Amino acid sequence: MIMQAAIMIGFGVLVFHVPWGDDPLGVIMIIGTFGLAATGLGVMISSLARTRGQMSAVTAVGATTLAMLGGAYWPLDIVSPAMRTVALFTPVGWAMTGLTDVVVRYQGTVQ
């Protein structure tokens, strides 16, 4: 997961010149902790599922649900305050909030 993110970010920067803010350490820390959280969720799902079919179904539905609730499909700035609170119960919500702060609002690790 973390290697995939590094490849996608690197490709985006080198080929498409995607701006990732002024604080690469902040981006690395957010992507790294999100990768660890996703790995933990994956281990939990694999320990609870009894078959590969169950694991595939739960993973697909769970990933889509967490992405929607966390703000990966649309910015959290356009949803209600209640939905912003719900987003903070998901790892995707924390990652999207952190990436928005570091990349868009230029709030880095050093203030």
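**Close-up 1. Tryptophan 74 and its ring partner, tyrosine 73.** Tryptophan 74 sits partly exposed in this predicted model, with a relative accessible area of 35%. Its partner in an aromatic pair is tyrosine 73, also partly exposed, at 46% relative accessibility. Why does tryptophan 74 count as partly exposed? Because its 35% falls between the 20% and 50% cut-offs.

**Close-up 2. Phenylalanine 11 with phenylalanine 16.** The structure has two aromatic pairs, and here phenylalanine 11 and phenylalanine 16 make an edge-to-face one. Their ring centres are 5.8 Å apart, and the planes are set at 75 degrees. How open are the two rings' residues? Phenylalanine 16 is exposed, at 58% relative accessible area, whereas phenylalanine 11 is partly exposed at 47%. The labels differ because anything over 50% counts as exposed, and phenylalanine 16 has 58% while phenylalanine 11 has 47%.

**Close-up 3. A nonpolar patch on the surface.** Which residues form this patch? Phe11, Val13, Leu14, Val15, Phe16 and Val18 do, and together they have about 590 Å² of accessible area. Among them are Phe11 and Phe16, the edge-to-face partners from the previous view.

**Close-up 4. Valine 18, in a loop.** This patch member lies in the loop that runs between α1 (2-16) and α2 (24-48). Is valine 18 buried, partly exposed or exposed? With a relative accessible area of 34%, valine 18 is partly exposed.

Definitions and conventions: Residues numbered from 1 in each chain as written. Predicted model: local features only at pLDDT ≥ 70, side-chain atom pairs only at ≥ 80, totals over all residues. Heavy atoms only, no water. Phe/Tyr/Trp six-rings, centres within 6.5 Å; stacked < 30°, edge-to-face > 60°. Buried < 20%, exposed > 50% of the residue type's maximum accessible area, 1.4 Å probe, protein only. Patch = residues over 30% accessible without salt bridge, like charges linked within 9 Å, V, L, I, M, F, W, Y side chains within 5 Å. Areas by Shrake-Rupley, 256 points an atom, 1.4 Å probe, with all protein chains shown as cover. Salt bridge = Lys/Arg side-chain N within 4 Å of Asp/Glu carboxyl O. Helix = DSSP H or I, 4+ residues; strand = E, 2+ residues; numbered from the N terminus.
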